[in-house]
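Biologist: Thanks for sitting down with me! I'd like to go through some labels one by one and hear what stands behind each.

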Amino acid sequence: MNRPAPAPSRPKATPPARPQAAPEIRPDDVLDRFGRWGRRALVAIVAIVVLWLLFTRAVGLVTTHLWFESVDAGPVYSTMLRAQVLLFCVFAVLAGLVGGLTLRAVRRGRPRLHVEEQRQTTRWWFRQHESGLWRTMLLLAVVIPALMVGSHAAGQWQTYLLWRHASPWHATDPQFHKDLSFFVEVYPFHVLLVALLSQAVVLGLWIAVVSGYLFGGWRVRGSGPRITRPMIRILSVLLGCYLVIKAFGYWVAQYSVITDGSGPVTGVSYTDQHAVLPGMYPLIAIAVVGAAILLANVFFLRRARVMIAGIALMGVGALVIGTAWPKLVYQFIEKPSAATVDLGEISHNQQATRTAFGLRNVVHTVAYDPAKTLQGAALQRQAGRTAQIPLLDPNQLSPTFNVKQELQAYYGFKGTLDVDHYDIGGQSRDVALAVRELQSGGVPNPSWVNDHLVYTHGYGVVAAPTDTMDATTESPDFLDAGIPPARQIPVSQPRVYFGQSSPSYSIVGEPAASRRHLEFDHPAPNGNSSASHTTYHGKGGIPIGSSLRRLLFAVSLQSPNIFFSSDVNSASQLLMVRNPQARVAKVAPWLTLDGDVYPAVVNGRIKWVVDGYTTSSSYPDSQLVNLRTATTNTLTTNGAMSAQPNRQVNYMRNSVKATVDAYTGKVTLYAWQENQLPDPLLKAWEGVFPGLVKPQSSIPAALLPHLRYPRDLFDVQRTLLAQYHVKKAPDFYSGNDFWKVPNDPTVGTNQQINSSSGKNSASGPPQPPLYMSLSPNGFGKQQYSLSSPMVTLNRRDLAAFISVDSQPGPGYGTFTILPFSSGSAGESPLQVGNDIESSTKISEALTLQRGGNSKVVLGDLAAIPLGGRMLYVEPVYTQAAASNSFPVLRHVIALYGNGDPAFDTTLAPALHQALASGSSGGAGSGGSTS
C-alpha cells in the first residue's frame, strides 16, 4: 500500500546573528602599549640630545682649533688635545671595565631566591623587570664610571705632560736627597695616579653593593646567609685591589711631608721625621698583608669574616700608626719642645722659601744710622731729586680721563690708570697712560650690525705725567690727547681691536678690490659731522668667508646672524677672545697670570704687557702661600685688578713676559731673567711646547724699557719678607720681629671725611704697592721702583720700607729694605691718617670742600724715603655729585718724619713746610745683602 509522501519539513528559522562584542581593552594592555611607545619616544629624545651634544662638542673642537691656528699656536692645541684624549681613553676604559665586569660578576653569581612582594618590594619589582633593565644597567655601569674617571683624568693634562717632560733641576732636598724635579714634576702625577685608580675601584664597590642587593647577593632580612659566597669573592677582589692601591698610595704619601703644614712652618717637622715617616713602611706592609688576605679569600676561604678581618686590619693599622701615634708624638714631644726641636725645620724652610720665591741674594738691607740724617739745605736739595712725587693718582683720576678725553659715549678708559715711564723731552718721566677703548654699552642705536660689524675697535691712548698737574685747570697735563691726538708719545697705529673691554666678537674685513668701509673708525675732529670709517687689514682674526665656517661659528657663538648676514663676505675675519689676559691664558694655560695687565707704546704700536708666572705647590720645605690672600689689596677689592685664584703655592717665578698687539692680536711670549734667575720649571714647559716661548734675547729693544717688576709677585714677596727678613731660626720661631702689610688708610679717612657722622666705619684692605721713580735709600739717584711701607705686628708703628728695582737692567729685581726702630724715622700710614683726621686746619678745610654737594677724594698716600726719614705725600681732590663729574686737585698734604702734616694748594709749599717741621732724627745707608 502506497503511503502518501510526507509533507516537506519547514526549515527552522535561523536566529538573528548577535552583534559581536568589541574586544575588551584591559588596563594592562594600555599600559603595555603606552610603555612601548614611551620607551621609543624616550630613546628618540635621548638620541637627539646625545647627537646634539656630540655635534656641539665637535663644533667646539673645530672652532677652537681654528682660533689657535689664527694665533699661530696650532701645535699648542694639538698637544693639549692629544694629552686629554689619551688620559680620558686610558682611564675611562679602565673605569668602564671595572664597572661592567663588576656588574656582570654580580649577575652571574646571583642566587635562586624566592622573593615575596610584600616583604621585599624593591627586589621583587626588579626581578619582574630584570630582563628589560639588564642592558640599561650594564650600559650605565660602564658609561658613568668611564665618564667620571675619564673626565677627571683629562682635566689633569698639565700634570701628565709635566711628568712626561720632567728634567733635572740639579739640586736635592735635605730629607730624601732626591732631585727637586721629582717633587715638582713627577710626584704630582703619582698622586694623580693613586686618586684615579682609587676612584675607579670605589665606583666598582658602589656598583657591587647596589647591584648585589638587587640581585640578592646580600640582604638584610630573610632566612639563610646574609651574603652569598660569589658576592664575598667580588667584594674581596675589589677591596684587595683597593688595598694594593693603598699600599702604593702610602709609598707616594711619604713624600707629602715636604709640604706638611703641621709644624711652625711648611716642611718636614719633628713629628714627620720621628712618627709619620717611620710609620709609612709598616702601613705599606699592613696594606699588602690585608690585600693578600682578601685575595686568598677569593680563591680559598670565601668567608665574610675573613673579608672583614682584612679591612679591619688596615683600618686599625691606619688609625694607630697613621693617626694616633703621630698625634701623641706631637702633643707630648714636639709641642712642648718646639722652640728647640723645630729649629732645623725652620732653617730648611727659610732657605727653601727664599730660593723658591726668587729672594735669595737679591735683598739688600740698609742699616739704621741716625748720624747720617740730612738737614737744612741738603735736605731741601735732596727732596727735589729723590722722587717723582705723584700728584696724579692713577686709582682716582680715571673719571677725569673719561670726562676730558672720552670724546663720545662709546669710548672709555680702564677704572685704574697704568703707570709706566717714557722719555719725554730727553728726560725719563713717570706717566699715567690709558687706552681709549670701545665701550659696547655706549654704542648708538644698538643692533647686531652696529654691535659686531660697525663699532669694532677703540682709538688711541691718553697720557699724562704723574708728578705735575695743569695749574689752570687743576687737571692732568696731557701729553697724548684728543683726536687726532697731540702726540708727545708717538702712536702710528692707534686702532685698538684687542683690549680689556673689547666686544665679545667682531666681524671685520673686506675683499681687496672693495672700496666699502663699514667699520666706524673715530669721530671727526672739531665737531665735524663726517666721521671717519675704515677696514681692518690685520691678520689677527679667523677667516670665515666660507659658508661652512660661518655655520660653525654661528653655532659656537649662538648667533645665527653670522650665517645669514649679507654683510659677511669672502674676506671676513672673526675677532674673538680679545681680552689680552684671556688670549695669553688660552695660549699658555700653564702660566699663572698677573692681575695687572698694562699697555705700552712700542715703536708707535700699542702693546699689552702680561706678566706670567710658573708656580708649584710641591717645592720641598718652601712656605705655602695663599695667592689670593697675599695679593688682595685695595685694587683687587674695588675690581681695578683681577684677583688671583684661591690656591696655595710655594714656588713662584716671573719667567715669562707676554705681549699682545692691540691691532693684530698677536701673542708673543718671551723668557725672562734666563741668566740672572734660571727657572727649571719653565725649561720643562718649554719641552712640552717647544718654540712657544722665545728667548730673552729676542725681546725688541724698544719694548725692554717698558717691562717692569710685576705687582702680584711683589705682593707675595713683601708678605714673605714680613717674616723672612728674620735670618736666625730662634728669632724666627719667636716671631717678635715680624712685620705686617699696612692697611690702606685712605679708605677709612675718605669715609670719615665724607660721612655726616664724622666716624671711620671700617679699616681698609691692605695698601697696594706703588710704581714710582724714587731713591731706594733716600740718599741716591732715582730708579723706577715698586715700593711699600711695612708696619709692626700691631699695625701701629712704621717698621720698614721695601722697594724693588723695576727698571730692566743689571739691578732689576734687587730689593732694598730700610728697617726702622719704633718712631725713629717717621710714622706708619695709620698714624699719618690719624694725624690728617685730627688736624683742625685740614679737617676744617676739607669740611668746606665737601660742602655744596661735593665730596672729598683722597689720593694714594705715597711713602718716600728721604734723607734718613720717611716722607708722606697725599693729593686731595674734590668731586661734584653730578654723574659726569670728575676729581679736581685742590690741596696737597705732606708729612716728614715725626713732624706735623703740612697742607697747601700746591706741592712745593706743602713739601717745604713738612721738611721744616719734621727734620730731626733719621736713618742712613750702609747695609748687607741676603
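Biologist: Why is Arg516 called partly exposed?

Modeller: Buried means under 20% relative accessible area, exposed over 50%, and partly exposed in between (1.4 Å probe, protein chains only). Arg516 has a relative accessible area of 36%, so it is partly exposed. This is a predicted model, where local features need pLDDT of at least 70 and side-chain atom pairs count only at pLDDT 80 or more, while totals for chains, interfaces and linings use all residues. Residues are numbered from 1 along each chain as its sequence is written, and side-chain values use heavy atoms, with hydrogens and water left out.

Biologist: What makes the contact of Asp567 and Arg516 a salt bridge?

Modeller: The rule asks for a side-chain nitrogen of Lys or Arg within 4 Å of a carboxyl oxygen of Asp or Glu. For Asp567 and Arg516 the N to O distance is 3.2 Å, and the pair meets the rule. The two are 51 residues apart: Asp567 sits in the loop between helix H15 and strand S17, Arg516 in the loop between strand S13 and strand S14. Helices (H or I, at least four residues) and strands (E, at least two) are DSSP runs, numbered from the N terminus. Asp567, at 22%, is partly exposed too.

Biologist: What about Asp661 and Arg605?

Modeller: Another salt bridge, with the closest N and O atoms 2.9 Å apart. Asp661 is in strand S23 (residues 651-661) and Arg605 in strand S20 (residues 605-616), so parts 56 residues apart are tied together. Asp661 is buried at 4%, whereas Arg605 is partly exposed at 26%.

Biologist: How many salt bridges does the rule give?

Modeller: The count comes to 13.

Biologist: Why do you say that the buried residues of helix H24 line one face?

Modeller: They are Ile842, Ala845, Leu846 and Gln849. Seen down the axis of H24, they fall within an arc of 95 degrees (taken from the directions from the helix axis to the C-beta atoms), so they line one face. The face turned away from that buried side carries the exposed residues Thr840 and Leu848.
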